[in-house]
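This briefing goes through a two-part set of topics: the overall make-up, then selected local details. Please read it alongside the sequence and the coordinates.

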Amino acid sequence: MSQMPRLHPDLDIMMEYSAGTLPLAQSACVFAHIENCAQCRQLVAELSDVGGALLAGLDPVPVGDSQLDAVLARLDEEPPLQYSAPARAPDSLPAVLQRLMRGDFSDLSWKSIGKSLRISYLSTGDTQHEFALYHIKAGGRVPEHDHCGSEMTLVLEGGFSDAEGSYHKGDFIFRRPGDVHSPTALQSEDCICVAVLDAPLKFMGWKFRWMNPFFKLRAS
Amino acid sequence: MLAVNCRVDGDAGAPSSARKDEWSECLGRIAQDQDRAAFTRLFRHFAPLMKAFALSGSKFSAIHADELVQEVMLKVWQKAGAFDPEKAAANTWIYTIARNCRTDMYRRLQKFDTAISAEDFDLEEESEEAFVVLHQHRNRHRVRELMQDLPPDQAQVVAKVYMEGKSHSEVASELDLPLGTVKSRVRLAIQKLQIQFER
């Protein structure tokens, strides 16, 4: 049994997720968390009941028989092929990530930032949010940076710490604009996380500040 | 005055043993026998709710709303075999299909280029311990009953999120409220609906 994550998305994120209003890239990140979190799966099930109860209580809007006939005429259609996630060993990467990565960590193209950080951008189809994997070498430090927008982080492998605490596999962290931090990977192993941003990072230290103009949001 | 407010409805709040859940039965018959009569009954009940759902967000025109109704009802037919009355109420199960279709249709209209559909974020039904299922069973009827007693300002916010498909910040700007107020109404509503939430 893998350890249960300790940090989870907040209620407002979970509710927007269960109502289907969370942007695509953020939904993918939340889903990657709850795939391995029984507590959050239970919460999503209960929150979906709220949607079900509200649906049942709506004032019906008349639908003509022509609509019914149109659907009856289509019942023999072959259902469209659905993507179905392959059976997953417990503890393996979340299925949604396997799908977005189309391979292994080593198949991705990584961009190095300094000595201990590498970033790989994945395309989700969400043009407002960047969905990236961060690989921080064991004990390595990400240069101090500011969040111009919000940042969702999900720890996939290893862990990291910053001034506010330490985070481990499965933990979900949400940072708001204006939070400055400088995460450091745990000494024992490399850390890989998902980060979903809605605005580019801004590095603070003089050594890295020159790079800021190159940090555009890579949302696709 | 005696208010008789008794909708004969699939998930009315009767004890589950005595409950005859018409919509779960319909779904069962569709799955087992491809029963078109059962589907027609289900359609006549749910399609008008679906249309109300499609129109409530004001994101779709009437044409798109009709398209959504057809798409959702066809999916209900195709996926009925995956419905398990022990794990979800028929209302909830159909709601999640409607929600996914709406999200996908919205993204199509926005010309999103993505290989992912909202359905991919559905959780595979899993065999969890019996007590979890029991807990859900009790709870989902409670949610429906408790909903009636929500104060209007809380009910309004929750309906805007789920039925109109709006984010918390969209709700805040529409109602001209601070985001924090919307979030605290949501939190209070979830407490009143007795949804376990530990963070």
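Two residues are in contact if their C-beta atoms, placed from the backbone, lie within 7 Å. By that criterion, among contacts in chain B between residues at least 6 apart in sequence, 60% join residues at least 24 apart. The model is a predicted one: local features need pLDDT of at least 70, side-chain atom pairs count only at pLDDT 80 or more, and totals for chains, interfaces and linings use all residues. Residues are numbered from 1 along each chain as its sequence is written, while chains are lettered from A and ligands numbered from 1 in the order in which they are written.

**Chain composition**

- Chain A has six helices and twelve strands, where helices (H or I, at least four residues) and strands (E, at least two) are DSSP runs, numbered from the N terminus.
- Chain B has eight helices and zero strands, and its pattern along the sequence is α-α-α-α-α-α-α-α.
- The C-alpha atoms of chain A fill a box of roughly 70 × 40 × 30 Å, taken along the principal axes.
- Buried residues account for 40% of the 220 residues in chain A; a residue is buried if 20 or more other C-beta atoms lie within 10 Å of its own, exposed if 12 or fewer, and partly exposed in between, with C-beta atoms placed from the backbone.
- In chain B, 38% of the 199 residues are buried.
- For chain A, 72% of the contacts between residues at least 6 apart in sequence join residues at least 24 apart.

**Interface between the chains**

- The contact between the chains takes 47 residues from chain A and 61 residues from chain B.
- On the side of chain A that touches chain B, helix 1 (11-18), helix 2 (24-34), helix 3 and helix 4 (65-72) each supply at least two residues.
- Helix 3 of chain A gives the most to that side, with 16 residues.
- By class, the side of chain A that touches chain B has 28 nonpolar, eleven polar and eight charged residues; Ala, Val, Leu, Ile, Met, Phe, Trp, Tyr, Cys and Pro count as nonpolar, Asp, Glu, Lys and Arg as charged, and the others, Gly among them, as polar.

**Helix 3 of chain A**

- Helix 3 of chain A covers residues 38-56, and its 19 residues should span 27 Å at 1.5 Å a residue, which agrees with the 27 Å between its end C-alpha atoms; the expected span is 1.5 Å times one less than the number of residues.
- Of its 19 residues, 15 are buried, so helix 3 of chain A is largely enclosed by the rest of the structure.
- A:Glu46 lies in this helix and counts as buried, with 24 C-beta neighbours inside 10 Å.
- A:Glu46 and A:Ser18 are 28 residues apart in sequence, and their C-alpha atoms are 9.3 Å apart in space.

**Domains of chain B**

- Chain B is divided into domain 1 (20-125) and domain 2 (127-199), with bounds that come from an automatic or database domain assignment.
- Nine residues of domain 1 of chain B are in contact with six residues of domain 2 of chain B.
- Helix 2 (36-56) and helix 4 (90-109) of chain B are the elements that give two or more residues to the domain 1 side.
- That side of domain 1 of chain B has two nonpolar, three polar and four charged residues.

- Helix 7 (residues 168-175) and helix 8 (residues 179-192) of chain B pack at an angle of about 115°, with their axes 8 Å apart; axes are lines fitted to C-alpha atoms, for helices over the stretch in contact, and angles run from 0 to 180 degrees between N-to-C directions.
- Helix 7 of chain B contributes B:His168, B:Ser169, B:Val171 and B:Ala172 to this contact, and helix 8 of chain B contributes B:Leu179, B:Val182, B:Lys183 and B:Val186.
- The residues of the contact between helix 7 and helix 8 of chain B divide into five nonpolar, two polar and one charged.
- B:Lys160 is in helix 6 (residues 152-162) of chain B and is buried, with 23 other C-beta atoms within 10 Å.
- Not counting residues up to four places away in sequence, B:Lys160 touches B:Lys166 and B:Val171.

**Positive phi values in chain B**

- Most residues other than glycine have a negative phi.
- B:Gln34, in the loop between helix 1 (22-33) and helix 2 of chain B, has a positive phi near 45°.
- B:Gln194, in the segment after helix 8 of chain B, has a positive phi of about 55°.
- B:Gln34 is partly exposed, with 13 other C-beta atoms within 10 Å, and B:Gln194 is partly exposed, with 13 other C-beta atoms within 10 Å.
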